Amino acid sequence: MRHPWLTLSAAVLGGAMVGLDGTVTTIAAPYLSRSVGASLGDLELIANAYLVALAVCLLPAGRLADRIGRRVTFVLGVGVFGLASLALALSASVPALVLLRTIQGVAGALLQPSALALLRNAFPAGKLGLPLGVWGGANALAIGLGPVIGGVIVEELGARCSRSTCRSRPAWSR
């Protein structure tokens, strides 16, 4: 691989998206409850749909990366994750949120094993420790920052929401 540090950057950003998204919705629960009329059970389903899909699909995603290629799998994961995120921002119903969070979880599963495989291919075995440490540290940081970033986003949207009704409207139109 000609550009190992660019590969590391892409792997870090992909991994950070997955980690961040796993925790960012925890702080958004009251906002989701108001904006789409989600019950406590709905909120649990929205949050867990992502995590369960991610966990269930990690091993098959690694196998897929072996079959079709780690780069293709990684790019597919990023693309699907991005499209699902955009669709989530436009959604205004609990079933849509659950479905799209599930799709995000599957896309996140495509990202994780393929990112590790890309790193393994980009760096020689003797120099793999630092890139793996950077990747793991960035993932841990993203998981920890998820509620903080979610809080900033919800605070901004919440301020708009309190000035108008949020029910049954996509997040982008508020």
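## A buried arginine

R101 is buried, with a relative accessible area of 2%; buried means under 20% relative accessible area, exposed over 50%, and partly exposed in between, using a 1.4 Å probe and protein chains only. You will find R101 in helix α5. Helices here are DSSP runs of H or I with at least four residues, strands are runs of E with at least two, and both are numbered from the N terminus.

Before going further, a word on the model: it is predicted, so to speak of local features pLDDT of at least 70 is needed, side-chain atom pairs count only at pLDDT 80 or more, and totals for chains, interfaces and linings use all residues. Residues are numbered from 1 along each chain as its sequence is written, and side-chain values use heavy atoms, with hydrogens and water left out.

## The salt bridge and its surroundings

What does R101 form a salt bridge with? The partner is D21, and the closest N and O atoms are 2.6 Å apart. A salt bridge is a side-chain nitrogen of Lys or Arg within 4 Å of a carboxyl oxygen of Asp or Glu. This pair links distant parts of the chain, with D21 in helix α1 (residues 4-24) and R101 in helix α5 (residues 94-122), 80 residues apart. Both D21 and R101 are buried, and a search of the whole structure finds 1 salt bridge.

Q112 is buried, with a relative accessible area of 15%. Leaving aside neighbours within four places in sequence, Q112 is in contact with G15, V18, L58, W135 and N139.

S114 lies in helix α5 as well, and it is buried with a relative accessible area of 0%. A polar atom of the S114 side chain lies 3.1 Å from the backbone oxygen of L111. Not counting residues up to four places away in sequence, S114 touches A65, R70, T73 and F74. S114 and G14 are 100 residues apart in sequence and 9.9 Å apart in space, C-alpha to C-alpha.

L141, L145, V148, I149, V152 and I153 make a nonpolar surface patch of about 520 Å². Patches are made of residues with over 30% relative accessible area and no salt bridge; like charges are joined within 9 Å, and nonpolar side chains (Val, Leu, Ile, Met, Phe, Trp, Tyr) within 5 Å. Accessible areas come from the Shrake-Rupley method with a 1.4 Å probe, and for residues only the protein chains shown count as cover.

## The whole protein

The protein has 6 helices and 0 strands. Buried residues make up 41% of its 174 residues. Among contacts with a separation of 6 or more, 81% come from residues 24 or more positions apart.

The mean pLDDT is 87, and 89% of the residues reach 70 or more; pLDDT is the predictor's confidence in each residue, from 0 to 100. Over residues 168-174 the pLDDT is below 50, and beyond near neighbours in sequence this stretch has 19 contacts in the model.

Note on methods:
Contact = heavy atoms within 4.5 Å. Polar contact = N/O pair within 3.5 Å; in protein donor to acceptor, adjacent residues only side chain to side chain.
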